Amino acid sequence: MKARQVHEQRGQRTFVLAFEPGEEVVEGITDFAKENRLDAASLTAIGAFSRATLGYFDVERKEYEEIPVEEQVEVLSLVGDIALSGGEPSLHAHAVVGRRDGSTRGGHLIRGYARPILEVTVIESPEHLRRRTDPETGLALLSPQ
């Protein structure tokens, strides 16, 4: 993965990341967040995956049911955030991917392998838009202050 900071204003940084073929995106973004001390950020991405695993959050069980996508797909939408979980940056992102026939699959991004590229823009969040862990669901939810 190649990464570069492209902007900073009032302590709020903007980065662009480019994942190369075969690189796993969730792990890469999470490692990048740790290395750059990002404890709160939003992100968007465009590109494609050679394969991915999406998820559907079962509220009763408080876990994700996996949705495997075992084919080349276009990333039509990938949006998410980085928040602290157990003191470490954690990625929470949702993706909609397009299949060859034009149908789509969507859900929480569990794993995704870039092919040929995935371009990600990460924008650090200001202090008043930090996420807090909700004790009922265990999810990091927006808590404007």
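Lysine 2 and glutamate 20 form a salt bridge through their side chains, with a nitrogen-to-oxygen distance of 3.5 Å. The two partners belong to distant parts of the chain: lysine 2 is in strand 1, whereas glutamate 20 is in the loop between strand 2 and helix 1, 18 residues apart. The structure described here is a predicted model.

How exposed are the two partners? Lysine 2 has a relative accessible area of 55%, and residues over 50% are classed as exposed, so lysine 2 falls in that class. Glutamate 20, at 34% relative accessibility, is partly exposed.

## Other salt bridges

Across the whole structure, a search finds seven salt bridges. One of them joins glutamate 124 to arginine 13, whose closest N and O atoms are 2.9 Å apart. This pair also links distant parts of the chain, since glutamate 124 is in strand 7 and arginine 13 is in strand 2, 111 residues apart. Are these two residues buried or exposed? Both glutamate 124 and arginine 13 are buried.

A further salt bridge brings together the side chains of arginine 99 and glutamate 71, at 2.8 Å from N to O. Arginine 99 is located in the loop between strand 6 and strand 7, and glutamate 71 in the loop between strand 4 (63–69) and strand 5; the pair therefore ties together parts that are 28 residues apart in sequence. Arginine 99 is partly exposed, at 30% relative accessibility, and glutamate 71 is partly exposed as well, at 27%.

Salt bridges also occur as a network, which links Asp58, Arg61, Glu63 and Glu65.

Helix 1 comprises residues 25–35. Which of its residues are buried? They are Val25, Val26, Gly28, Ile29, Thr30, Phe32 and Ala33. These buried residues pack against several strands: strand 1 (2–9), strand 2 (12–19), strand 3 (40–58), strand 5 (73–85), strand 6 (88–98) and strand 7 (104–124).

At the N-terminal end, helix 1 is capped by glutamate 24, which has a side-chain oxygen 3.1 Å from the backbone nitrogen of valine 26. Valine 26 is itself one of the buried residues of the helix. Beyond the other end, just after helix 1, arginine 37 adopts a positive phi of about 50 degrees.

Key
Residues are numbered from 1 along each chain as its sequence is written. This is a predicted model: local features need pLDDT of at least 70, side-chain atom pairs count only at pLDDT 80 or more; totals for chains, interfaces and linings use all residues. Side-chain values use heavy atoms; hydrogens and water are left out. Buried means under 20% relative accessible area, exposed over 50%, partly exposed in between (1.4 Å probe, protein chains only). Helices (H or I, at least four residues) and strands (E, at least two) are DSSP runs, numbered from the N terminus. Contact means heavy atoms within 4.5 Å. A polar contact is a pair of N or O atoms within 3.5 Å; within protein, one must be able to donate a hydrogen and the other to accept it, and residues adjacent in sequence count only if both atoms are side-chain atoms. A salt bridge is a side-chain nitrogen of Lys or Arg within 4 Å of a carboxyl oxygen of Asp or Glu.
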